[in-house]
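Please read each point with the structure open beside it.

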Amino acid sequence: MACLWITTTSQQKLGVYRKDIFHLPRHNCKSHKRWITVFMAKKKATQQPSEVDVFGAAGLSQEELLKQAMESVQNTKGKKKKETQSSKEESETITSEQKMPTKQEPELSGKKANAKEQQQRLEEEAIQDPETKKEYENFLSQVEAFTVSGRQKKSPTHNRISKNDVDGFRHSQGVSWIRLQDVTLYFGSVKLLNNVTWEVKSGDRIGLVGDNGTGKTTMLRILADLITPNSGEVIKSSPRVRTAFLKQEFIDELCPTRTLKEELLSVFEEENKLLQQYQQLEDRIANLGTDGNDLEYVEELLNQLESYRAQCEDRDVWNLENRIERLLPQLGFLPEDTIKPVSSFSGGWKVRMGLGKVLLKKPDILLLDEPTNHLDIESLEWLEGYLTSCNIALVIVSHDREFLDRVANRIVEVENGETHEFIGNYTSYLRQKEDLRVAWEAAYQRQQKFLEEQYSFIRRFQSSATRASQVKSREKLLQNMQLKGELVPRPPRPGKPLVLRFPSAPRSGNDVVEFRNVTHGYGERILFRNVNLLIERGDRLAIVGPNGSGKSTLLRLITGQEKPNQGQVMLTSHNLVTGYFEQSQADVLPLDKTVYETVEQAAGTSKSYEEIRALLGRFLFKGDSVYKSVASLSGGEKARLALCKILVSPVNLLVLDEPSNHIDIGAKETLEEALQLYDGTLILVSHDRYFVSRVAKQILSIENEQVVFYNGDYRYYLDHNEDFKERLERRFIQGVTEIKSAPEMVTTDEMLGNIERRKKAFGGSNIAVGKKKLYDTKRWK
């Protein structure tokens with residue numbers, strides 16, 4: 001039984017009535033009517049087009065609506081008695097094909113027909129009327145591609161195979177592949193993946209896209225044999241196919257006290273163990289002493305030694321250091337870097353280190369989860385060039401759209417547990433996706449019009465004896481559309497955005513942070529010299545520069561975590577409350593608390609339970625995950641939790657180090673809006689240039705051991721660095737990632753005329769001295 005929620009609008013106010021029509025069971029009478037349950041409610045006229053929600057009203061399932069309808073049938077049975085008697089006389093004029101069995105006609109063994117027979121009867125009756133059949137066939141030809149059954153016909157795009165069909169011939173010809181086939185995965189009671197089928201093969205560079213929490217990283221873990229799906233198969237072209245997985249949190253797994261060479265050697269855990277066993281056995285044979293007279297014992301040891309030697313040859317354990325030495329120049333490392341500790345490298349160089357560790361495994365298929373985090377433009381361009389030149393199949397999860405545009409040649413989108421494949425790079429995917437969205441919306445609106453026409457016909461001629469056949473055909477048609485999956489689901493619509501504002505903090509003094517003749521570095525290396533800098537209340541300052549130039553170091557000097565080698569760094573303002581988000585969150589979160597308790601404690605009384613849950617949901621802490629202990633969270637989850645904690649904390653100095661890592665585009669937009677509405681002082685480090693362009697009003701650039709101040713937003717900074725601007729513009733995705741001027745806001749101080757010039761200028765090139773304050777959350781220009 002199809003249950004439809006129908007809303008009607010017009011240019012005038014309409015008095016919309018409620019009418020309940022129920023599908024009555026067969027009775028011993030000469031006539032009968034079959035009705036679709038239609039629920040109509042009073043509704044004011046709007047300017048929106050009429051819609052028919054074929055999936056139930058008010059959040060009720062199909063079964064709940066059916067139960068509700070049948071209960072109402074019993075309650076109204078007495079009222080319908082007279083109406084049934086009158087309908088008996090009318091039914092005598094209907095042809096024998098439309099007559100229902102009477103008391104004198106034979107019954108089906110005294111029982112109801114089984115489900116299969118009922119379905120067959122519905123289909124037969126639905127096509128009795130030629131006019132209805134033709135109209136429906138014309139409609140279905142226009143929208144079938146977007147119906148559930150139509151999509152099932154189009155998929156799978158790959159021929160189905162089984163593991164028994166794979167003989168490894170493609171691998172022997174140099175083509176390696178892995179396929180996810182009909183993979184379904186549940187997390188608790190939630191279906192995360194639903195009959196997913198796609199493959200990656202040699203030559204593919206697949207970008208895996210979708211919102212956080214849709215299962216992208218989960219599919220990487222399935223491909224890497226770290227997770228077993230509930231159903232479906234993971235099929236390889238050969239058992240010899242090797243995969244390597246660079247995790248999003250791999251930096252947390254690096255040992256800071258090891259040297260670069262020792263860290264790279266640690267990837268050969270099995271090889272090192274095998275080599276150690278060989279050397280131990282070799283020493284044992286060399287020191288047999290009197291046991292050497294036992295020839296059988298010696299022969300047994302020699303056979304074991306030969307077995308270990310063969311395994312070492314097979315794994316190439318004799319050349320582990322040579323393999324590292326050959327790889328280091330490709331990653332950009334110098335020979336002298338091998339003895340440096342891991343802790344001395346910046347985040348960008350640690351990404352190269354992690355990539356080197358997975359490449360040393362000689363994979364056929366490389367799985368990368370957010371590899372562009374922490375990378376500056378030079379490191380990013382190097383990574384793009386390396387990945388596009390290497391002959392390894394790639395599956396990449398990244399929210400860096402420009403990176404995917406330059407690297408990927410196929411896009412696999414994950415949405416609502418299903419995957420959709422698009423040929424081409426990210427720009428091509430966006431174009432195809434938009435075309436698909438427009439066509440889907442058109443098909444949905446065509447369906448809504450068709451359903452309204454059918455309902456109007458049924459309502460108009462429901463009491464007509466001459467139109468009874470057509471009415472019944474249309475009723476059955478609407479029922480079968482849902483039973484056979486021939487309905488077009490409603491296209492996803494943008495939901496109401498989460499608007500978040502930082503809680504009010506005490507007003508600080510005008511002078512917030514001051515640098516006086518600061519010179520700092522590590523060992524013999526100087527990062528910056530003679531910095532004189534005054535940061536004032538209301539500044540929105542972004543620090544930019546290449547990896548290893550000292551951006552994060554400046555933040556640690558400001559927050560007091562480090563002391564300068566020369567000069568002074570002072571927090572000069574009274575009532576100063578500082579919030580600091582650092583890249584490594586493991587040591588700054590309370591590990592004994594739950595996710596919700598952590599944010600609740602930071603928020604105090606400024607946020608309600610519903611507001612906290614909404615914020616956590618935006619950053620992918622949904623359902624029972626808000627009650628997970630902080631100690632059990634991954635590195636990315638800890639980063640997102642730390643951001644939530646910052647967003648509810650009443651601070652007037654906000655220091656953020658790479659806050660846009662580990663979050664998707666939706667969460668990033670929420671953070672952007674919150675920072676645009678923030679009325680305190682902001683100091684920011686980020687390699688996400690678009691993010692910086694949306695929130696920063698001044699740029700501090702570290703260039704050749706000098707700190708240079710640009711009194712304008714990121715667009716202003718690019719206008720004064722033409723070479724760098726040209727490099728970036730070659731990467732832009734038109735209409736998506738172009739750098740524009742930051743949105744302007746007017747402060748209360750400016751409205752009141754309380755604008756002052758800077759007391760001090762920056763050291764370095766002193767590009768600008770005066771500054772006009774344009775920030776406030778109370779009013780937009």
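**Notes on a predicted model**

1. The side chain of Ser 464 makes a polar contact, at 3.1 Å, with the side chain of Thr 466. This model is a predicted one, and that contact should be read accordingly. Ser 464 itself belongs to the loop that runs between helix H16 (426-461) and helix H17 (468-483). Is Ser 464 buried or exposed? With a relative accessible area of 19%, Ser 464 counts as buried, because the cut-off for that word is under 20%.

2. Three strands form an open sheet in the order S14-S13-S16, and their pairing is antiparallel. Strand S14 (525-536) and strand S16 (566-571) each have a single partner strand and stand at the edges, so one side of each is left without a neighbour in the sheet. On average, and with direction ignored, neighbouring strands of this sheet are turned by 15 degrees against each other. In general, the strands of a sheet pair through backbone hydrogen bonds, in either a parallel or an antiparallel way.

3. Within that sheet, strand S13 (residues 511-522) is joined to S16 by five bridges, and the two run antiparallel. Helix H18 (residues 551-558) lies across S13, S14 and S16, and runs at about 125 degrees to S13.

4. Strand S17 (residues 578-581) runs parallel to S18 and is joined to it by four bridges, with Leu 656 in S18 as the bridge partner of Phe 581. S18 and S19 are also paired in the parallel sense, over five bridges, and Leu 653 stands opposite Thr 681 in S19. How many residues of strand S18 (residues 653-657) are buried? Five of its five residues are buried, and the strand is mostly covered. Leu 653, Val 655 and Asp 657 point one way from S18, whereas Leu 654 and Leu 656 point the other way, and all are buried.

5. Thr 681 is placed in strand S19 (residues 681-685), and at 0% relative accessibility Thr 681 counts as buried. A polar atom of the Thr 681 side chain lies 3.2 Å from the backbone nitrogen of Gly 538. When neighbours within four places in sequence are left aside, Thr 681 is in contact with several residues, among them Val 512, Ile 535, Glu 536, Arg 537 and Asp 539, and also Asn 652 and Leu 654.

6. The largest nonpolar core has 52 residues, and those with the most contacts inside it are Leu 616, Phe 619, Leu 641, Leu 654, Leu 675, Ile 699 and Tyr 714. Helix H21 (residues 635-647) gives the most to this core, with seven residues. Apart from it lies another core, of 45 residues, which includes Val 267, Leu 331, Phe 422 and Ile 733.

7. What does the side chain of Thr 598 have 2.8 Å from one of its polar atoms? The backbone oxygen of Thr 594 lies at that distance. The C-alpha atoms of Thr 598 and Lys 645 are separated by 7.2 Å, although the two residues are 47 residues apart along the chain.

8. Helix H7 (residues 216-223) is mostly covered, with six of its eight residues buried, and these are Lys 216, Thr 218, Met 219, Leu 220, Ile 222 and Leu 223. H7 is followed by Asp 225, whose phi is positive, near 65 degrees.

9. A last point concerns the cysteines. The count of disulfides comes to zero. Cys 312 is buried, with a relative accessible area of 0%, whereas Cys 255 counts as partly exposed at 24% relative accessibility.

Technical notes
Residues are numbered from 1 along each chain as its sequence is written. This is a predicted model: local features need pLDDT of at least 70, side-chain atom pairs count only at pLDDT 80 or more; totals for chains, interfaces and linings use all residues. Side-chain values use heavy atoms; hydrogens and water are left out. Buried means under 20% relative accessible area, exposed over 50%, partly exposed in between (1.4 Å probe, protein chains only). A polar contact is a pair of N or O atoms within 3.5 Å; within protein, one must be able to donate a hydrogen and the other to accept it, and residues adjacent in sequence count only if both atoms are side-chain atoms. Two strands pair if DSSP finds at least two bridges between them. Axes are lines fitted to C-alpha atoms, for helices over the stretch in contact, and angles run from 0 to 180 degrees between N-to-C directions. Contact means heavy atoms within 4.5 Å. A nonpolar core is a set of buried Ala, Val, Leu, Ile, Met, Phe, Trp, Tyr and Cys residues joined through side-chain atoms within 4.5 Å. A disulfide is a pair of cysteine sulfur atoms within 2.5 Å.
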